[in-house]
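Colleague: Could you zoom in on one part of this model for me, the sheet and the charges over its rings? I'd like the cut-offs along the way.

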Amino acid sequence: FWQMKAARGATLKNGALVIYESAPSASAPYICFVTLPGGSCFGSYGACPTKAEARRSAARIALMNSVYNEQPTRKITQEFIDATVSDALNPYGGLRNDTENGSGIGAYRFMLVQSLGKTMLEFQELMTVFQLLHWNGSLKAMRERQCSRQEVVQHYSHRALDDDMRSQMALDWIAREQEIPGIIARELNLAERDLEQARLAGRELRFPKEKKDILTLASSQVGGPMD
């Protein structure tokens with residue numbers, strides 16, 4: 001599917017590479033994750049008796065989402081942006097200018113506009129970066145340095161979620177561990193639970209999986225117990 005998209009001229013930063021990753025397990029049930037070229041992640045569904053079946057299950061879930069994402073209704077249009085922002089403004093009485101400037105709605109609208117013409121899956125890939133920055137405390141730190149939401153969004157909209165960013169976030173959690181012993185293990189347990197619940201629900205998994213991977217990296221460098 002992704003090779004055909006690339007052949008038709010789709011812009012894929014990492015080519016048509018699809019990455020399969022089996023969760024460590026000495027016995028059934030087995031779990032497999034598949035990461036698509038844009039970064040979206042899906043997992044095998046239910047209890048798979050073999051590693052091969054887990055891989056096929058993950059591939060089916062990812063393919064269904066990839067195909068569904070090609071539907072015209074999954075494209076971000078100006079009408080969709082206007083309707084979504086209007087819905088978000090309803091709790092504030094529809095006061096567009098003041099509310100957008102004083103809340104995260106303005107940043108949300110900016111990210112939607114940046115994604116105009118893209119698919120919902122592509123927008124989710126962008127949102128995952130900001131979900132991680134919020135979870136990690138990076139957005140709060142940037143606000144304290146007087147960085148505007150627009151500046152932050154503009155910068156990270158063009159920044160790939162790569163090993164450097166993961167390593168930096170892991171270092172942040174290692175620093176927190178010095179102040180609050182055991183916080184990495186607690187957060188890791190929560191991340192593993194969130195990942196499992198999302199997998200069993202058949203949802204896109206990149207945010208919970210990235211959290212788990214970052215905390216696992218931090219835990220390995222701290223060298224303490226995992227529970």
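Which residue lies over the face of F33, and at what distance from the ring centre?

Modeller: That's K209, sitting over the F33 face at 5.6 Å from the ring centre. To count, NZ of Lys or CZ of Arg has to be within 6 Å of the ring centre and within 35 degrees of the ring normal. Keep in mind that this is a predicted model, where local features need pLDDT of at least 70, side-chain atom pairs count only at pLDDT 80 or more, and totals for chains, interfaces and linings use all residues. Residues are numbered from 1 along each chain as its sequence is written, and side-chain values use heavy atoms, leaving out hydrogens and water.

Now the sheet. F33 is in β2, where it is the bridge partner of E21. Strand β2 covers residues 32-35, runs antiparallel to β1 and is joined to β1 by 4 bridges. Strands here are DSSP runs of E, at least two residues, numbered from the N terminus, and two of them pair if DSSP finds at least two bridges between them. The whole thing is an open sheet of 3 strands, ordered β1-β2-β3 with antiparallel pairing. At the edges are β1 (19-22) and β3 (41-43), each pairing on one side only. Neighbouring strands are turned by 20° against each other on average, ignoring direction; the axes are lines fitted to C-alpha atoms, with angles from 0 to 180 degrees between N-to-C directions.

There's another charge over a ring to look at: R55 lies over the face of Y20, 3.9 Å from the ring centre.
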